[in-house]
Structure formats: structure tokens, C-alpha cells
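Please keep the structure open beside them as you read.

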Amino acid sequence: MSKETIHEIRQGMKFRPVLHALTSNPGVEMMSYAKGKENLISMAQGEGSAPTPDFICRAAYNAMQDGKTFYGQTLGQDPLREAISEYYKDIYELYIPASRTFVTASGSTAMHLSLASLLDKGDEVVAITPIWKNLLGAIELTQATTRQVSLDYSDDQGWTLDIEKLFAACNERTKVMLIVSPSNPTGWTATQDEMRTILEFARERGIWILSDEVYSRLVYESPHKHLRADSFLDVAKPDDQLLVVNSFSKSWAMTGWRIGWIVGPAAAEEKIRDVALYNNLCPPTFSQYGAIAALKEGEPFIKNQIDLWRGNRDLTVRRFDEMGKIKMAHPSATFYGFFKVEGQRDCKTMTKRFIDECGVLMSPGCAFGKEAVGYIRMCFAISERRLTEALDRMETVIKKL
Ligand SMILES: Cc1ncc(COP(=O)(O)O)c(C=O)c1O
């Protein structure tokens, strides 16, 4: 059956109208475009190229052998909730009791459960953009609407937040402020002062803060004892209307394991549990034992990865400077370069040119919000050798412009 026929039949079926109205995902579109092309270097997916370290795999395997293959507790196994609490004590110097940690089947699920707990049709979310497209899609599914507030860009300061612009976007329908810090795709990271100001504003208005801190350990410098970004938890009270989303995917190379967590106020535990129960019942049981090993023994691995990615970041910045015609804020966090090619406004066309003319796959900026048009995102968390090859190839295209 042809794609067109399937499309026509689908339009006639009674799916929820919101599904027919979902905005498209240009990142996925570009991956389909590149599918099957030979000798392609992909820097489109947001993950490191290293496999999950052995000590994590072994812990999960031992758990399987130990019979941890059944349904588990809806908000996670107690030993993992305890380990997350310990992790906040060791790395953040914060006391977060295990009862305020809710384990989920990935950061994406953490986000869906949080949104499903808070949003109804007619509610509004104010989101700082550019932002990972899936988060906008997740909001669309709840039938709430999103107001996008874009970070500002300047050549000397990179990406910055105009807090007044953020506050001006809030109104009586605003239920949630969604903040991704460090940000995918820009690497922008909120300061503790900004977090405090946003939190005070949200408190006065009864607005929830949904803070995506999935990249919190993926920073190249930090004022803290351990390498980590500031967290809303640093400035919050235990009963603030704050949900912090995190994940094992990025820092511990566990994207396929589907394990994440939420930290929320004690009063949210029962509500999140209700939604999780009717959603996927519980996170994967044996994955959670891998996650415990990650938290307890993972610091040297995180450090090695960051050293590798710092080198890749510096290499990318240097090569872009040498090539000219490319503008990119120096990323001080995450493993993404978010850049513009001078004179090229249509990011999809430019992304296709990189695929067709040099076999390098990246994500077009229009996947990250309406003001990100014209940019391209590359994930530089690949080997230095592959990255060098990708940059050499990109240079051949840049030279032709
Ligand atoms: C900002 C952000 N939040 C959440 C996620 C989802 O992570 P997970 O693999 O845990 O679903 C990603 C993945 O790219 C992300 O970039």
C-alpha cells in the first residue's frame, strides 16, 4: 500500500484530533531523508558513542540472575530511590529524602508523567526556547498550549535569558514554566540568581516550575565541588511547586536502558504514582540495578567522558573559527554545537546539503522552536577521529559557499 493511501485511510479514522494536529519533527524528517545513505557520519542523535560501561551492565545482569525480572514498585525500587537520595547528598550537598524521588522509565517518561499530572486543555506552558522538540510535542499531547520565550543571542555573550520577557509571557492561564538547563540545543545554563528570581516569581503566581536537568552533569566548568550545573533544588524549599526531571541516559551512557527520575515535593508523590500506575505500571526492574551501580561507582566514568567531550568541543570551536562563515556560541555545557552558517537562512536546506554533499547528518534548528530557524545542531560526543573526519567533510561544503 502506498504512503499516500495509508495517509488517506488514517485521516478517515477517528484518532484524537490532537494527533492529527501534532506539529512535525524536522529532526526525525532529516533522519528519514538520510536513511540508507552510505558512509554517513551521524551527529544528529543526542547521545555519546561509548557503550554503557561494564560495571553497570554487570550489575543489571546480576540483578536478572537474582530474579529481578518481575514488576517492581511503581515509583521505583527502594534501593534506587535511596541511592538517588545519597547522590544528591554526595554530589549536590543537598538533603533530598528518598520519598521525594520518583523513578521513571526514562527522562522522557518523567516529563510526560509531570505534564500529565499538571496540565489540562486550556492551560498554558511558558517554555524557554530553543528547546528539544520532544518536550514541545509532549505538551501538545496534553492539549495545553505553549508560549515560547526565546533566549537572546549575541556574538560576545552567546545565549542569554531576558527574565522580564519570560515573566511578561505569563498570564492567569500559565500553569507551568518549563526550563531546560543546561539547554539542549544551546548549552545555555541558568545561573543560581536567575533560578532564584524565577522561583520567587512562580511562587507568587502559584505557577509550577518544571526543570529539565538531564544535562546537569554535562558541564565543562563549575563553581561546585563536583562538576555539575546549578539546580533549582539549590534554591528551592522542599514544598515548592517544583518538579525536577533527570535521566541516566546522557552522563552514564544509558540511553537504551530507559531510566530517569523526578524530584518533587512530598505532596506530589501520590499524584505522580497515580499517573505512573495507569501509564506503565513501573520502570524496568533490572535496569534500576544498573542505575544504582551508575550512581555509586560512576564518577570516574563521568570524568573521562567530560574530558573527551571537552577536547571535542575545543576542536569543534577551533575548526569552525578557522573555516569562517560559521557562528556558534562557545558551549560551556552539553555535547552540542548549535551553529549558523553565514548567509544560509533555511536550516533544512543546509542540513540536506551536508547530508548530500559530504555525508554528515545533523539536526536542523527549526526542530528546536520557532526562533531557532536557521541554526543546525551537531552532537560532538563521538570519537575524536570521527569528529575530525566530519569537520574535514563539512569544510568542503563551507568552502563552496
Ligand atoms: C532536554 C532533554 N530532556 C530529556 C531527554 C530525554 O532523555 P531520556 O533518554 O531519559 O528519555 C532528552 C534527550 O535527548 C533531552 O535532550
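1. Ser106 counts as buried, with 1% relative accessibility; buried means under 20% relative accessible area, exposed over 50%, and partly exposed in between (1.4 Å probe, protein chains only). Ser106 has a positive phi of about 110° although it is not a glycine, and it sits in the loop between β2 and α6 (107–118). Helices (H or I, at least four residues) and strands (E, at least two) are DSSP runs, numbered from the N terminus.

2. A word on the ground rules. This is a predicted model, in which local features need pLDDT of at least 70 and side-chain atom pairs count only at pLDDT 80 or more, while totals for chains, interfaces and linings use all residues. Residues are numbered from 1 along each chain as its sequence is written, and side-chain values use heavy atoms, with hydrogens and water left out.

3. Arg258 also has a positive phi, about 55°, although it is not a glycine. Arg258 lies in the loop between β9 (242–247) and β10 (260–263), and at 34% relative accessibility it counts as partly exposed.

4. Two cis peptide bonds are worth a look. One joins Ser181 and Pro182, with omega about -10°; another joins Asn184 and Pro185, with omega about 25°. Pro182 lies in the loop between β7 and α9, and Pro185 is found in the loop between β7 and α9 too.

5. On to helix α9 (residues 192–205). Its 14 residues should span 20 Å at 1.5 Å a residue, and the end C-alpha atoms are 20 Å apart, which agrees; the expected span is 1.5 Å times one less than the number of residues. Its buried residues are Glu194, Met195, Ile198, Leu199, Phe201 and Ala202. They cover an arc of only 165° around the axis, so they are on the same side of α9; the arc is that of the directions from the helix axis to the C-beta atoms. An α-helix has 3.6 residues a turn, so residues three or four places apart point the same way.

6. What do the buried residues of α9 pack against? The partners are α8 (163–168), β7 (174–180), β8 (208–212) and α10 (232–235), where contact means heavy atoms within 4.5 Å. On the other side of α9, Asp193 and Glu204 are exposed. Just after α9, Gly206 takes a positive phi of about 70°.

7. Helix α12 (residues 285–297) has 13 residues that should span 18 Å at 1.5 Å a residue, and its end C-alpha atoms are 19 Å apart, which agrees. Ten of the 13 residues of α12 are buried, so the helix is largely enclosed by the rest of the structure. Among them are Tyr289, Ile292 and Leu295. The buried residues of α12 pack against α4 (54–65), α5 (78–92) and β2 (101–104).

8. How many salt bridges are there? The count comes to 26, taking a salt bridge as a side-chain nitrogen of Lys or Arg within 4 Å of a carboxyl oxygen of Asp or Glu. In one of them, Lys37 pairs with Asp356, the closest N and O atoms being 3.8 Å apart. Lys37 lies in the loop between α3 (26–34) and β1 (41–42) and Asp356 in helix α14 (residues 347–358), so the pair ties together parts that are 319 residues apart in sequence.

9. Glu124 forms a salt bridge with Arg173, with the closest N and O atoms 3.3 Å apart. This pair links distant parts of the chain: Glu124 is in strand β3 (residues 124–129) and Arg173 in the loop between α8 and β7, 49 residues apart. Salt bridges that share partners join Glu124, Arg147, Glu172 and Arg173 into one network. Is Glu124 buried or exposed? Glu124 is buried, with a relative accessible area of 7%, whereas Arg173 is partly exposed at 41%.

10. Finally, Ser363 lies in strand β14 (residues 363–364) and is buried, with a relative accessible area of 4%. Not counting residues up to four places away in sequence, Ser363 touches Ala44, Thr351, Phe368, Tyr375, Ile376 and Arg377. The C-alpha atoms of Ser363 and Cys379, 16 residues apart along the chain, are separated by 9.0 Å.
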